[in-house]
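Subject: Structure for you to look at

Hello,

Here is the structure I said I would pass on. Please open it beside this email and follow along.

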2 protein chains.
Amino acid sequence: MLLAERPLEALTVDAVVEAAAVAKGTFYYHFQGMEELAAAVGEKLGESFDEMLAPARLGMRDPVARLSFAFNQFLEKAMADRVWARLVIQSAQAPTEFARSIRANLKGDLTEARAQGRLKVNDVDLAADVVMGIWLQVTRGILQGRTGTDLPERALAAMLRALGVAPPQKRKKDLEEV
Amino acid sequence: MLLAERPLEALTVDAVVEAAAVAKGTFYYHFQGMEELAAAVGEKLGESFDEMLAPARLGMRDPVARLSFAFNQFLEKAMADRVWARLVIQSAQAPTEFARSIRANLKGDLTEARAQGRLKVNDVDLAADVVMGIWLQVTRGILQGRTGTDLPERALAAMLRALGVAPPQKRKKDLEEV
DNA sequence: AGTCAGATCGACTATATAGTCAATATGAGA
DNA sequence: TCTCATATTGACTATATAGTCGATCTGACT
């Protein structure tokens with residue numbers, strides 16, 4: 001929660017041990033310092049992502065469907081859990097292992113989609129920036145108070161238009177495969 | 001420069017006075033504290049934006065052209081001046097006056113474009129998130145080392161597709177009006 | 001009950017940082 | 001040259017923070 005509120009550089013060990021109602025020595029018994037705690041939190045966060053994406057990874061062969069599923073999931077989750085959303089944003093803008101991992105997955109799907117000639121954006125890195133940019137900014141918007149149950153699907157539509165994928169017949173079907 | 005490197009919460013007065021080669025008392029003679037310095041820097045940054053956008057504001061009646069011009073300018077500037085880019089990113093993700101001002105301008109153009117029936121995205125707030133999201137993330141990409149002189153125009157194309165504006169004949173012409 | 005490895009505690013030192021203030025320097029105009 | 005408002009200096013106090021360490025606690029196992 002504290003790492004969701006402020007960046008790592010501004011979080012003190014004292015604040016952590018007070019919030020955890022634990023003595024200072026206990027903190028240093030478990031972690032070398034704040035960086036190690038942040039890494040541990042990042043790892044947990046990464047696991048939550050893997051769990052959310054597991055069904056997509058198994059059941060969906062279409063890279064665009066996988067990507068759409070993930071995009072949608074993340075926005076839904078952000079609306080349901082503000083703390084999670086804040087933490088994601090803090091973690092995504094720092095060059096953490098977590099951020100690299102997300103981007104790697106995304107680029108995997110995009111590369112595959114590109115190989116199938118499904119994208120108007122040919123530069124995979126640019127495509128990844130577009131997807132992540134919309135995702136993160138819409139998430140910030142949600143934290144700012146933007147609402148609407150159809151927000152994720154409208155954001156998704158804009159994202160797919162940006163990539164230039166043909167408006168899919170199969171998307172709905174693929175989503176229901178899960 | 002220091003505010004470009006680390007967030008406000010992690011920047012110390014001692015670091016500032018050392019970098020400025022000035023005594024501590026001098027700092028407090030000019031500013032109440034770090035927040036006030038940050039506000040002053042934000043104001044300067046805002047002025048640089050106004051200057052960059054002045055031609056667009058005067059010469060362009062088409063809101064989509066204005067928006068495209070600004071988007072392009074900001075990316076070009078980011079490629080030319082890394083420190084500026086870093087500072088923009090730090091400032092844009094905090095809820096500064098600067099960030100609000102940019103968004104307000106953007107929403108103005110988007111509202112006008114929407115009134116002309118030019119956008120597929122009907123929610124102006126969502127549209128603003130899409131534009132800012134792509135802009136900021138592509139800027140981060142530039143800082144990460146992404147290159148290519150046509151990057152701004154390709155990012156712009158993706159952004160316009162996301163909004164769902166018709167691929168314009170007039171855009172080139174409007175840009176040259178300046 | 002006794003043992004002990006693992007966990008917790010909080011006082012302690014050292015350093016970093018914020019903010020103050022009286023003394024001094026600067027330079028434009030009389 | 002003299003005056004004075006403005007600007008600068010750096011030492012100083014008070015507080016915050018990082019990191020250490022010996023004492024103590026806990027609970028599983030004998």
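This is a predicted model: local features need pLDDT of at least 70, side-chain atom pairs count only at pLDDT 80 or more; totals for chains, interfaces and linings use all residues.

Chain A overall

Chain A has ten helices and zero strands. Its pattern along the sequence is therefore simply α-α-α-α-α-α-α-α-α-α. Taken along the principal axes, the C-alpha atoms of chain A fill a box of roughly 60 × 30 × 30 Å. Of the 178 residues in chain A, 49% are buried. If you take the contacts in chain A between residues at least 6 apart in sequence, 65% of them join residues at least 24 apart.

Two helices that cross

Look next at helix H5 (residues 63–80) and helix H6 (residues 82–93) of chain A. Their axes come within 5 Å and cross at roughly 125 degrees. That angle makes H5(A) oblique to H6(A), because an angle counts as roughly perpendicular from 65 to 115 degrees and as roughly antiparallel over 145. On the H5(A) side, the residues that meet the other helix are Phe74(A), Lys77(A), Ala78(A), Met79(A) and Ala80(A). On the H6(A) side they are Arg82(A), Trp84(A) and Ala85(A). By class, this contact has six nonpolar, no polar and two charged residues.

Where does Ala21(A) sit? The residue is in the loop between helix H2 (13–20) and helix H3 (24–30) of chain A. Ala21(A) is exposed, with a relative accessible area of 68%.

In chain B, Ala21(B) lies in the loop between helix H2 (13–20) and helix H3 (24–30) of that chain. Ala21(B) has a positive phi of about 55 degrees although it is not a glycine, and at 67% relative accessibility it counts as exposed.

A buried alanine in chain B

Is Ala128(B) buried or exposed? Ala128(B) is buried, with a relative accessible area of 0%. This alanine is found in helix H8 (residues 124–144) of chain B. Leaving aside residues up to four places away in sequence, Ala128(B) touches Arg103(B), Leu106(B), Lys107(B) and Leu110(B).

Salt bridges within a chain

Over all chains, the count comes to 22 salt bridges.

In chain A, Asp125(A) forms a salt bridge with Arg103(A), and the closest N and O atoms are 3.3 Å apart. The pair links distant parts of the chain, with Asp125(A) in helix H8 (residues 124–144) and Arg103(A) in helix H7 (residues 97–115), 22 residues apart. Asp125(A) is partly exposed at 24% relative accessible area, whereas Arg103(A) is buried at 15%.

In chain B, the side chains of Lys24(B) and Asp14(B) meet in a salt bridge (3.3 Å, N to O). Lys24(B) is in helix H3 and Asp14(B) in helix H2, ten residues apart. Lys24(B) is partly exposed, with a relative accessible area of 40%, and Asp14(B) is partly exposed at 44%.

Also in chain B, Glu112(B) forms a salt bridge with Arg66(B), with the closest N and O atoms 2.9 Å apart. Glu112(B) lies in helix H7 (residues 97–115) and Arg66(B) in helix H5 (residues 63–80), so the pair ties together parts that are 46 residues apart in sequence. Glu112(B) counts as partly exposed at 32% relative accessibility, while Arg66(B) is buried at 13%.

Where the chains meet

How many residues does each chain bring to the contact? Chain B gives 29 residues and chain A gives 29 residues. Between them the two chains bury about 2,300 Å², 61% of it on carbon and sulfur atoms.

The count between chain B and chain A is four salt bridges. One example is Arg146(B) with Asp129(A), where the closest N and O atoms are 2.5 Å apart.

Regards

Note on methods: Residues are numbered from 1 along each chain as its sequence is written. Chains are lettered from A and ligands numbered from 1 in the order in which they are written. Side-chain values use heavy atoms; hydrogens and water are left out. Axes are lines fitted to C-alpha atoms, for helices over the stretch in contact, and angles run from 0 to 180 degrees between N-to-C directions. Helices (H or I, at least four residues) and strands (E, at least two) are DSSP runs, numbered from the N terminus. Angles under 35 degrees count as roughly parallel, over 145 as roughly antiparallel, 65 to 115 as roughly perpendicular and the rest as oblique. Contact means heavy atoms within 4.5 Å. Ala, Val, Leu, Ile, Met, Phe, Trp, Tyr, Cys and Pro count as nonpolar, Asp, Glu, Lys and Arg as charged, and the others, Gly among them, as polar. Buried means under 20% relative accessible area, exposed over 50%, partly exposed in between (1.4 Å probe, protein chains only). Buried area is the accessible area (1.4 Å probe) that two parts lose on being put together, summed over both.
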